[in-house]
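Here is a short report for a first look at this model. Keep the sequence and the 3D view side by side while reading.

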Amino acid sequence: MMVSELSVELGTTIEIETINGNMTGECGSISTPAIASEVWIIVELTSSTDAIIRRVTVSDSRWFTPSGMAVGVSEQTILDTVTGQIWSSHHKYVEGNYLTFQPTDANDPSTVQFVREGGLIVQIHAGDRNWVGLVEGCA
């Protein structure tokens, strides 16, 4: 989905924020009061005024995946629910790990990543598989 399409759906203006300027291909984020503060959206600029949404991150238990997973569940709950489709890697900064869902269709460009710190999931990233695993959001 494009930021311009989301803007129409929400009926509000959405600002695109980037670090290196508004050049095509740049990574950035969007913000608007119409999107909950616990939702962070990463975008790739397609022009100086529009971008494609590449990743959505949630950090609140009000948001669920289609399989019912949410922030606050345990790693074991995810492993038991999505048997055989989770790849685990160590967290870059703290005790924990990244649990990345691998779709059964190799051509599916989307994926979900659960971020575990301590014993529970603290964030869920969903979107393009090339963007979901970027630890810093854009890097």
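How many bridges join E4 to strand E8? Four bridges join E4 to E8 (residues 120-128), and the two strands run antiparallel.

## About the model

This is a predicted model, in which local features need pLDDT of at least 70 and side-chain atom pairs count only at pLDDT 80 or more, while totals for chains, interfaces and linings use all residues. Residues are numbered from 1 along each chain as its sequence is written, and side-chain values use heavy atoms, with hydrogens and water left out.

## Overall build

The protein has three helices and eight strands. Both kinds of element are DSSP runs, numbered from the N terminus: helices are H or I with at least four residues, strands are E with at least two. From the N terminus on, the order is α-β-β-β-β-α-β-β-β-β-α. The radius of gyration is 15 Å, close to the 14 Å that the globule rule gives for 139 residues, so the protein is as compact as a globular protein of that length. That radius is taken over C-alpha atoms, and the rule is 2.2 Å times the number of residues to the power 0.38.

Along the principal axes, the C-alpha atoms fill a box of roughly 45 × 30 × 25 Å. Of the 139 residues, 40% count as buried. Buried means under 20% relative accessible area, exposed means over 50%, and partly exposed lies in between (1.4 Å probe, protein chains only). The accessible surface comes to about 7800 Å², and 53% of this belongs to carbon and sulfur atoms. Such areas come from the Shrake-Rupley method with a 1.4 Å probe; for residues, only the protein chains shown count as cover. Among contacts with a separation of 6 or more, 37% come from residues 24 or more positions apart. Contact means heavy atoms within 4.5 Å.

## The sheet

Eight strands form an open sheet, in the order E1-E2-E3-E4-E8-E7-E6-E5, with antiparallel pairing. Its edge strands are E1 (15-18) and E5 (86-90), each pairing on one side only. Neighbouring strands are turned by 25° against each other on average, direction ignored. Two strands pair if DSSP finds at least two bridges between them.

E1 pairs with E2 (residues 27-31) in the antiparallel sense over four bridges. There, Thr18 has Gly28 in E2 as its bridge partner. Gln113 has His125 in E8 as its bridge partner. The hairpin of E7 and E8 has two residues between the strands, and Gly118 takes a positive phi near 65° there.

## A helix across the strands

Helix H1 (residues 3-10) lies across E1, E2, E3 (39-45) and E4 (51-58). H1 runs at about 65° to E4. Axes are lines fitted to C-alpha atoms, for helices over the stretch in contact, and angles run from 0 to 180 degrees between N-to-C directions.

## Two buried threonines

Thr111 sits in strand E7 (residues 110-117). Thr111 counts as buried because its relative accessibility is 7%. A polar atom of its side chain lies 2.2 Å from the backbone oxygen of Phe101. Beyond neighbours within four places in sequence, Thr111 contacts several residues, including Gln102, Pro103, His125 and Val132.

Thr65 is in the loop between E4 and helix H2 (75-81). At 13% relative accessibility, Thr65 is buried. Apart from neighbours within four places in sequence, Thr65 is in contact with Val112, Phe114 and Ile124.

Where is Trp40 found? Trp40 belongs to strand E3. With a relative accessible area of 37%, Trp40 is partly exposed. Trp40 and Val56 are 16 residues apart in sequence, and their C-alpha atoms are 5.8 Å apart. Not counting residues up to four places away, Trp40 touches Ser29, Arg55, Val56, Thr57, Glu136 and Gly137.

Asp105 lies in the loop between E6 (96-101) and E7. Its relative accessible area is 42%, so Asp105 is partly exposed. The side chain of Asp105 reaches the backbone nitrogen of Asn107 at 2.8 Å. Asp105 and Val82 are 23 residues apart along the chain, and 15 Å separates their C-alpha atoms.

Definitions and conventions
Polar contact = N/O pair within 3.5 Å; in protein donor to acceptor, adjacent residues only side chain to side chain.
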